[in-house]
Protein chains: 6
Amino acid sequence: MKPEKLVAPEAAAQVIAEALPYIQEFAGLTFVIKYGGSAMDHGAEFRTVVANLLLLQSVGIRVVLVHGGGPEISRLTARLGLPQSTVQGLRVTDEDTMEAVEMALSGKSNKAIVSGFSQQGGKAVGFSGRDGRMLVGEVIDPALGRVGQVTEANMELVEIALDNGFIPVIASVGEDEQGQPLNFNADSAASSVAIALRASKFIILTDTNGVRADKSDPNSTISELTLAALYQMLESGAADQGMVPKLLAAADAIEAGVDRVHFLNGKQPNALLIELFTEAGIGTMLSGDSS
Amino acid sequence: MKPEKLVAPEAAAQVIAEALPYIQEFAGLTFVIKYGGSAMDHGAEFRTVVANLLLLQSVGIRVVLVHGGGPEISRLTARLGLPQSTVQGLRVTDEDTMEAVEMALSGKSNKAIVSGFSQQGGKAVGFSGRDGRMLVGEVIDPALGRVGQVTEANMELVEIALDNGFIPVIASVGEDEQGQPLNFNADSAASSVAIALRASKFIILTDTNGVRADKSDPNSTISELTLAALYQMLESGAADQGMVPKLLAAADAIEAGVDRVHFLNGKQPNALLIELFTEAGIGTMLSGDSS
Amino acid sequence: MKPEKLVAPEAAAQVIAEALPYIQEFAGLTFVIKYGGSAMDHGAEFRTVVANLLLLQSVGIRVVLVHGGGPEISRLTARLGLPQSTVQGLRVTDEDTMEAVEMALSGKSNKAIVSGFSQQGGKAVGFSGRDGRMLVGEVIDPALGRVGQVTEANMELVEIALDNGFIPVIASVGEDEQGQPLNFNADSAASSVAIALRASKFIILTDTNGVRADKSDPNSTISELTLAALYQMLESGAADQGMVPKLLAAADAIEAGVDRVHFLNGKQPNALLIELFTEAGIGTMLSGDSS
Amino acid sequence: MKPEKLVAPEAAAQVIAEALPYIQEFAGLTFVIKYGGSAMDHGAEFRTVVANLLLLQSVGIRVVLVHGGGPEISRLTARLGLPQSTVQGLRVTDEDTMEAVEMALSGKSNKAIVSGFSQQGGKAVGFSGRDGRMLVGEVIDPALGRVGQVTEANMELVEIALDNGFIPVIASVGEDEQGQPLNFNADSAASSVAIALRASKFIILTDTNGVRADKSDPNSTISELTLAALYQMLESGAADQGMVPKLLAAADAIEAGVDRVHFLNGKQPNALLIELFTEAGIGTMLSGDSS
Amino acid sequence: MKPEKLVAPEAAAQVIAEALPYIQEFAGLTFVIKYGGSAMDHGAEFRTVVANLLLLQSVGIRVVLVHGGGPEISRLTARLGLPQSTVQGLRVTDEDTMEAVEMALSGKSNKAIVSGFSQQGGKAVGFSGRDGRMLVGEVIDPALGRVGQVTEANMELVEIALDNGFIPVIASVGEDEQGQPLNFNADSAASSVAIALRASKFIILTDTNGVRADKSDPNSTISELTLAALYQMLESGAADQGMVPKLLAAADAIEAGVDRVHFLNGKQPNALLIELFTEAGIGTMLSGDSS
Amino acid sequence: MKPEKLVAPEAAAQVIAEALPYIQEFAGLTFVIKYGGSAMDHGAEFRTVVANLLLLQSVGIRVVLVHGGGPEISRLTARLGLPQSTVQGLRVTDEDTMEAVEMALSGKSNKAIVSGFSQQGGKAVGFSGRDGRMLVGEVIDPALGRVGQVTEANMELVEIALDNGFIPVIASVGEDEQGQPLNFNADSAASSVAIALRASKFIILTDTNGVRADKSDPNSTISELTLAALYQMLESGAADQGMVPKLLAAADAIEAGVDRVHFLNGKQPNALLIELFTEAGIGTMLSGDSS
C-alpha cells in the first residue's frame, strides 16, 4: 500500500518538472561546499547534510566538501592546557597550537565526516591540504604564528577522487614551501579550492539564514546579492562581523570566475535541495552581475 | 523577484529528495511509450506529453515512442472514399486501405510528432517499421488483408538514434519478407519494440485512468496488478473490450522480461512524472510477480 | 563449369586494373544521388539503380539518396480531388496539397525505396527533411503556398546513418522554423544535402543522357562541362527548360565546393558504374574549372 | 577527350559489377603469394606482377610475398667456384653454399624485389626468415647439409608490417634453434607462412599455366582441383616432377585450413586479376572439398 | 670534471648489469612497506628511506607505505594525562585513547610522512583506514577496548592513487561496521594491505638486521627463511618476543599469496636498494617454499 | 648460498642509487648505436655488446643499431676476384663491388647480428636502407661509383619496429631515386638515422677509447668535447685520420639536434653501461655547448 502524501500528486509533478532541468543543468558540474565549525556539531543535522550531498552526487554533481572545526580545536587545546587568543577573528597559532589544530582537524573531524558518508552508503575520502601539496601557503603575519593564506592549490588528488566517484573531504590545514604545517581559515581555503576547481557553485553552510541586510534583524535576509552590493555592505559596515571573512571568501570566488556563491543555513533541513532545485530559494545567492 | 509557490519549500524538498533516487535509478534505462489514437488529437495535451518525455530524456532515460493513428487513417480513407470495416477490433486492410494507412501514419502523424519535439527544442527522428527492416511481420488472417503481426524486430536504427541523443518515433507500419507493407496494431508493435530493446518500462498512454476492476466504474482503477490477476481478468471477462489488446500486449512484454508496464491517462497533465517520480502512482502498474 | 564470357579475360583484367584505382580513390567519400520523379516508375530500372548503389556502398562509398516523386503526388491529389497548377515549373502548394505531398513522399515513395534496398539485402533508412530538423526552410513566395527553399541543412542523422552502414533515403519535404511543412524542389534539396555533407560527387539521375548542347538534338550530349559553359548555356537560352532547375542546383553544388556533378540517364543500365569506374564516361560531368 | 575503348562501356560495367563483390569479399583477407625462381627474371613481367599486387593491396587485401631465387644462387656459387649438386630436386647446401644462398637471397633478390615495389610507389619491407625468428627450422637430412624444414613460424613482424600498410617480402632462408642459417624450399616456406597467417588464399606463381592433367600436354590444364584429386595425381605419377614440391606445399596449406590455393602463370599479364576478380579463372584452383 | 669514485667503473658496470634485470622484473609490481614506530624518529634515516622509496617508484614499482606510530601516541596520551597499559604487546585502547591514537596517527604522523615525500619532490597522499572504508574491522577482545583486527580491506583508493603516480601512505587506523574507530596493529594492517593488493613483496622495516636465529645473538641473522622454518621458530620459542607479531603478519601474507616478505633494518642506509637490487641481500627474506 | 661480492653492498647500493635516476631519465628515449667494421669480429665482445643493448632495452630505451661491415666486404670481393681501391678512405664501388657490398652487408652481417640478439632471447629485425625506402641517397662523385650520401631518411619502419619491442638492425646500404643500390659510409648513415629519429644519444662503438687529444698518445683520451673544440681539432689536423669521418658524422648529429654523441670502445666490456649509468664516464662525450 502506498503512503498518503502531504503534497498532491499534481503539485508534486509540478515540483519535479521544475527540478528536472536543474538536474540536467548541474550534471557534471562541480560544487564546493564549505561546512564546519558549529554546523557540524548536531548529529541529525549533519546526517541530513550528508544525505543531501549524496543525493546531489547521485545525479552527477561533483561534490567537494571543505571543513574547518573550531569547536574541536578549542576542546583539544583546552585539554592540553594551551592558552588561546585571537586577533581579528584569527586564532593565534603557535607551534603547539598548530600541532593541536592538525590533530583535531586532519585526525579527528576529517575522518568523522568521511565515516558519516560511509555510514549512509557513500564513498568519501579525507584529505589534508598537505596531501599531494594540495594547499600550499605562506604565513600571513609572524605575530599570528602558523596562520597562513593559500598561495597554490593543486587539485590533482581532488579531481582523481571525483573522477572515481568519491566525495573529497578536505581539512583546512596545509603547509608552506618548507613543508611546515599551516592553519588556514576554512572559508578562505574553501574559496581557493572552488577557484582552483573552476567550480560552478561555492556553497557556504553556516548557522544563519544567509546574509542579512540589517545584521540585527533576522528577518532581513537578502535573497540575491550582487558583488557590487556586497562590497558596499563591507564598506558601510552593515555586514555582521562574523560574516566578514565569509563574504570576502565569497567575493574572491566570484571575482575568480565561480558562477554563484550561496549562503545557506546548514541547520535547516534540506536547505541544499530547496536552494538548488526549486525556484523558492532560501538563503542568499551571490552573483557577479545584477541578475 | 521569485514567484510565490503553491508548495511550501520544505514539502518541495521532500518531493525532490524522494524523486532523486528514481532519477539515478532510471538513468541509462530504456522506456518504450505507446502513444496514439485519440490521445494525440488535443494540442495542449500532446505538448505536455512531449514536454514530459523531453524531461525524462534530460535525466538520461532512453525514450522511445511508438504510435498508431486511427483517427488520422479514418479521415484519409473517408476522403478517398474507401469503405472501412473492422473484425474483432482490427481494421480490415485491403491494398488501398494499406496505402492510406501508410500515408497517414508514416507520412503525416509520424512527422507531425517529430516536429512537435523539434518545436520544444528536442531531437527526434521518425521511423516506419519498414526502415532498416525494423518491424518485419506476416499476415494474421487473409480475411483481414494486410493486418500483420510482428515476427522480427531489428532495433539497430533505434539503438543508434538513442546513442546519439535522438528520441525515436516509430509508426506501427512494417512489411513482410517480400517487402510488402503491413498494418500492425500499435499496442502490439510497441510491445515488440519494448521486448526487443529489453526495455525496463513499457508505458501505455490511453485516455482512461489505468485499468479498471469494474469496467463500468471509473473509480475502480487498480493501482498495482500482477500478471496472474491480469490473466484472471481476461478469462473472467472483467476487462473492458477496448482494453483487451492493450492488456495482451502488456502481458507479452512482462512475459518476455520487461520489468514493468504502466497504463496511464495521456490526457492527465504530467501523468508520466507523477507515476515515475513519486510514490503516489496514478494509473495501473503491471509487474510479473506479486509485489 | 565456368560460364562463357562475352569479354575476353585479358580485356576484363584491363577493365579491372583500370577500375581498381577509382575504387581506392572513392573509398570513404560521400556521393549524393538525386533520383526521382519519372525515373522511379519502372521496376527493373529502379532495381538496377538500387543494385548499383549497393555495389558502390560495398566498396566504401558513402551513398545518400534524395528523392522527389511528382507522379506519386499527382496521383494522390487527383484521387483527393485537389485541383493542381504550376507556376514556372513549381507546384502551387496549398495546405491540402502540402498534406498530400507529405503523405505521398514521406509515407509512400520514401518507404517503397527503402524497402527496395532491403529486398536486395541492403540496409537503408528513410528520412523526411523534418526528421531531426534535417531540412529547414522558408516559403519562397506566398503565391506558391508551401513551396520552400532550404535555409538550414542539419546532417547529423545522415552522418550517423552512414557511419553505421545505412543508406539514407531522404524525401524532399521539410519544415519552416514554426514546424509547418514545406515542399522543396528535389534537385535543389539534393544540392543542399550534397553541400552540407561536403560530398565529393552529386549525381543527378534523370531520364535523358546528360545535358544537350542543342536541346532538340538527342545526339548533342556534352561529355564534360565547366561552370562557365553552364552559365553561358543558361544565359543564352540553349538549355532545355526542364533542365534549368537541375542545372541551377548543380551549379550551386559546384560553387559550394562539391567536386563534380554528374548528369546520368537513370534508365540506362549500369550508367552509374560506367560513369564512375571506366574512362568511357556517359552522360555529362560538370566541374568547376576547365579540365 | 576520352580515349576509345576496346571493351564496350556496357560490357565493362558488367565486368565491374561482377568484380565488386569479390573486392568487398576480399577486403581485409590475407593472400600469400609465392613468387620466384625463373619467374622473377624478366623485367616487364616482374613489373606487372608488382603492379597487380599493389592493386590488390589498394582494395584492402593483405598481400605477403615469399620468394626463393634459384638462378641468382646458381650465378653466385658459379662465380665463387662452389661445385653444386642436387638430391631429389633439393640443392645440397654445405656451409659455403649456405653463405652464398643467404647472400644471394637475403642480400640481393630480396632487396631488388622491395625496390621494385618502391619504384611503383608502393611500401614494401624485406625480411629473412631469421628476422625476429620468423622461420625457425631443423636440418632435414645431414647429407643435404643446411637444407631445412620449417618447424616454427612466428608472424609478429609480418602482421605488424601488414597493419602498417607494408607488403612483406620474405626470403626463404631461416635458422635453427642454435641460430645457424638454413636453406628452405621456397614453396614449402611460403606454405608455412600462409598457414601461420591463417591466409585465405595461397597463390603460387610459376611459369606454366597451372596444373596439367597430362604432364606432356600443355592444353590439359585443370581448372579446379580437389585435395582428393591432387593426392591421386601424386600417387599415380601423373604429376610433373618439377610440380611435385609445389603440389605438396599446396596440399599442406589446404589441410591446415587455407581456403584456396591457386597455381597461376606469373608470365601471363594480369593473371592475378583475371583469376581473382572474374569468373573466367585461368590456371588451377585447389580447394579442400569437391566444389 | 667528474668526481673520483670508490668503486671502479668495471665493478660498477657489473653491479648495474646485475641490477637491471631486477628493475625490469619489478616494473609494475606492487611493494607494500611497513614503516614505523621507532624507525621513524630519526630525521636522516627517514629521509634516506623516503629517497629510496622514490627511487623504487621512479623505475615503475608501485610503492605503498603503511605506518603505525607508537612513540607519537605515547607522547600525546602522556600530555593528555591518559594512563596507558598493554596486554600481550597490545595497547589497551579506551575511547579517550582511541581518540588520541587517531589524532596522533592520522593527524600528525601521516601528514608528516606525506610532507617528507613532498620535500623530496615526490607525490604522496595520506590515508586513514577510514577513508573509503579502506580498512574495516572488528574488536578483538572487549577487554582491549578499540583494538581491532582487519576483516575487510578495500583498496580502490590505493589503486587509484598508484595509477596516478602517488605513493599512498596509510595510517593503521580503521573503523568497524558502525563507523566507530579501531586501532590496528600496524604490522597486521600492512599485511592485510599487501594481501588485498596482491603485492609481490611485503617489506617490514624495523630497527634490527632482520630475523635472528638466536634472539640474543645480533650476528645470527637468518638470510633466507621458509614458512616452515618460521612456524618452527614460533613454536620453539626461539623468536624474539617483540618480533612475534611481525612474524605472524609476515606468515599471513605468504599464506595468502604474497611472493616474498623482507625484514630490513630501516636505520641501515640504503637497505632497501641493497636487498632489492643486489645479490648481497641483507636482512631476512621469507618465502613460501624452500628456495 | 649467496656468492661473495667484490663490491661491498653499501658501495653497490651507492652505484644503484646513482644509476636509477638515469634509468628513469632514459626510459622512452631513443639511442642510435653505430657498431661495425672490426668491432664486430670478436665473438665474446659482440655478445657483450648485444647483452648490454638488451639491458638498455629492458629498461625502456629505444635501441637502434646501424652497422657497416668492411672486413666482410673485403673478404667477399677477394673471393670474387674483384680488385678494390679506396679514395680518401672511401671504397671505390663499381657495379660488381656494389653487388658484393649489398650481399655481404644485407645478406650476411645484418642477419648474423639479428641472430645474435635472438640467441640471447631478444627480438631484433634486420633492415637494409632499401626497405621501405628507409635511406635514399645520391652518388657523391661518379669517380667513386655507387658511393652515396643520404638525402632522405624515412623512419616509419624503424618506429614501428621499436613500438613493437624489436631492436632494428640497419645495414648501411640504400638506394637512389631510381631504385639503384648505394653504398653509404656507416658512420654517416647512422648519423642520418639518429637525426631522423630525433635520438637523444648517438653512440659510436669503435676499437679505441674515445677521441684522443694527441692522436699518437693512447692516454690522451678526451672525456668531454664541445662542438667548437671538435671543429678546432678537425681544422688543426690534430684528429686521427681514421677518426675524421666519425667526427664529422658526430658533428652533423649534434648540429641537427641530437643531445649527445658518445665515442666508446666496443671491445671494452660493459663500456655502454659504464658510460650511460655511472658518473665515471669512459670514452668521449660530445655535446653542443660547453658543459
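**Strands and a loop in a predicted model**

Student: Where does Ser128(D) stand, and opposite what?
Tutor: In this predicted model, Ser128(D) stands opposite Ala171(D), a residue in strand 8 of chain D.

Student: How many bridges join strand 5 to strand 8 in chain D, and do they run parallel or antiparallel?
Tutor: Five bridges link strand 5 of chain D to strand 8 (residues 167–171) of chain D, and the two run parallel.

Student: Is strand 5 of chain D enclosed or exposed, and why?
Tutor: Strand 5 (residues 124–128) of chain D is largely enclosed by the rest of the structure, because five of its five residues are buried.

Student: Which way do its residues point?
Tutor: Ala124(D), Gly126(D) and Ser128(D) point one way from strand 5 of chain D, while Val125(D) and Phe127(D) point the other way; all are buried.

Student: A change of topic: in what order do the strands of the open sheet in chain F come?
Tutor: The order of the eight strands in chain F is 5-8-2-1-11-13-14-12, with mixed pairing. At the edges are strand 5 (124–128) and strand 12 (224–226) of chain F, each of which pairs on one side only. On average, neighbouring strands of this sheet are turned by 20° against each other, direction ignored.

Student: What joins strand 12 to strand 14 there?
Tutor: Three bridges join strand 12 of chain F to strand 14 (residues 284–287) of chain F, and these strands run parallel. Thr226(F) stands opposite Ser287(F) in strand 14 of chain F.

Student: And Ser216(C): buried or exposed?
Tutor: Ser216(C) counts as exposed, because it has 7 C-beta neighbours inside 10 Å, and exposed means 12 or fewer. Ser216(C) lies in the loop between strand 11 (201–206) and strand 12 (224–226) of chain C.

Definitions and conventions: Residues numbered from 1 in each chain as written. Chains lettered and ligands numbered in written order. Predicted model: local features only at pLDDT ≥ 70, side-chain atom pairs only at ≥ 80, totals over all residues. Buried ≥ 20, exposed ≤ 12 C-beta atoms within 10 Å, placed from the backbone. Helix = DSSP H or I, 4+ residues; strand = E, 2+ residues; numbered from the N terminus. Pairing = 2+ DSSP bridges. Axes fitted to C-alpha atoms, helices over the stretch in contact; angles between N-to-C directions.
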